[in-house]
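Please look at the sequence and the model before reading on.

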Amino acid sequence: MIRSEILKNIQDNFKNDIKAFFEKSSNRVYMDISSSALLPMASYLFKVLKARFNIASGVDTRENFEILYHFSFDELDLIVSLRVVLPKDNPQVVSLALLCEGANWIEREITEMLGIHFIGHPDMKRLLLPPEWPEGVYPLRRDYKEWDSTAIRDRGV
Amino acid sequence: MGRTIVPIGPYHPLQEEPEFFKLTVEGETVVQIEVQVGYNHRGIEKLSEMKTFDQSTFAVERICGICSTSHPFAYTQAVEDIFPVEVPMRAKFIRVIIAETERIHSHLLWLGLAGHFLGYNTVFMWAWKLREEILDVMEILSGNRNNYAMFKPGGIRRDIKPEDIPGVLKKIDSIIPTLEMLKKAVMDDPVLHARTKNIGILKKEDAINFCAVGPTARASGVKRDVRKDSPYAAYDQFPWEMITCEAGDVFDKLVVRVLETFESIKMVKYCLNKLPDGPIDLNFKDIPPGEGIGHIEAPRGECFHYVRSDGTNRPARHKVRAPTFMNLPTYKATIIGQTISDATIILAGIDPCYCCTERMGVLDTKGNRIYSGADLLLLSQQKTENIRKQMGVK
């Protein structure tokens, strides 16, 4: 399949779920999608179109959270990023770990760094932060203060 | 049969880096594995948000001590992806020279360590001797044996002097005959075949499911190489081959790395001979708001950076994904059903990369037998020795 066909296929199949479609350059495409469409879209990209899951990156934009799921079509030199916007209070989204093993670790990382809950993750525990790290303190959130009174360093450990 | 839990770590048995494996074994066979990482988490993503775009290049260079160019390379690509810029051709060629020279040294380092852990200390010494020449080349080109600080968004920081090039070419040529000999020795050795073939097989469908990258994926027959698929810098300016194998065992991972070293030598020589003239830096100052993705092929696989700019002089978000992040979980697929004496080389087969420290302990949960790190190494080396004896090879 060529590039225009792939993009058209995605748009045709999920026209109600894509809120915004942005072709940044010839090899970078961003799509804003509703969080309910994430699992069907990701499985379509990964299983049907055989894209590779690069990684997800979580961002705290102050107003809300964003997760970008980057998929690459290696032979077409194309990276498609699905953007899911989540509310600040109680951010949660469906887990892709059962769809593709490659999403397992990054979801664990985003959970501990940004405090986003992944529904249905098979093995949710800390990946990088130590066990002594306090619950509910998320280092990559905007409101995280380096000298947080609950942070480990300030407790003199 | 009773199960025993064998903890390996928190330092890696081969690369001597911090990570922790909990192997559950029945007799000699591994039936379950759990991995714990994070002992060396330095919060570079957070740190990067407090640095300017230029300073972040230096911060990410410190992520990896072995392939220190791959992260600045991916980061500069990501920054240059935020707004349309075209880096000068001379800078692109020099970027390829630095990245490929580093790949030669990184693959040689792995080859030496793999040889050491299989009980082939001669391989270790030869490979590291060759690597020393490559580090000298790096010193001539960049001024440093490691952490070259050659990259900056928009170009490179230091030019290559024309008078240095003949000396560098001579040094690179000097390692080729020895490398050929080493390749022959490694590829034809029956003991090494017995020790690495059909060991730790990563099946193609597993490689796709785990989203493995780099030599780990290519050894399993997945044709993925960012340099080929998405030619960045000057990789589309000259002919070169993507190396793939089919079986996905430790031997194929070794073959892919050895053959890639030769490809890299070809690329470095081509770039040095055909280095175009011109500026080396765009010298842009302001970075507009936007987001950019940069991915490059590091020695261990695809290195992925995502940078978001809000119009200030520092990144609003900088996501770093090292290749090992995707390759490490493939242990779950490769190590089950293998013996403990093969565990070290399988764990090392993906060429994991964290940082460098040394310490390892292995102990029986019941406290009956306590292995030290050296014992586990001995176990692996003894197995090779036994195979040698059985085959009658001296």
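The model is a predicted one. Chain A and chain B meet in a contact that takes 25 residues from chain A and 23 residues from chain B. On the side of chain A that touches chain B, at least two residues each come from β3 (52-60), β4 (65-73) and α3 (104-114) of chain A. β3(A) gives the most to this side, namely six residues. Sorted by class, the side of chain A that touches chain B holds 13 nonpolar residues, together with six polar and six charged ones.

The backbone is the next topic. Most residues other than glycine have a negative phi. A:D77 is not a glycine, yet its phi is positive, at about 55 degrees. To find A:D77, look in the loop between β4 and β5 (78-86) of chain A. A:D77 counts as partly exposed because it has 16 C-beta neighbours inside 10 Å, and a residue is called buried if 20 or more lie within that distance and exposed if 12 or fewer do.

A positive phi also occurs in chain B, where B:A149, a residue other than glycine, has a value near 50 degrees. Which loop holds B:A149? B:A149 lies between α5 (121-142) and β4 (151-152) of chain B, in the loop that links them. B:A149 has 17 C-beta neighbours inside 10 Å, so B:A149 counts as partly exposed.

How values were computed:
Residues numbered from 1 in each chain as written. Chains lettered and ligands numbered in written order. Predicted model: local features only at pLDDT ≥ 70, side-chain atom pairs only at ≥ 80, totals over all residues. Contact = placed C-beta atoms within 7 Å. Helix = DSSP H or I, 4+ residues; strand = E, 2+ residues; numbered from the N terminus. Nonpolar A, V, L, I, M, F, W, Y, C, P; charged D, E, K, R; others polar.
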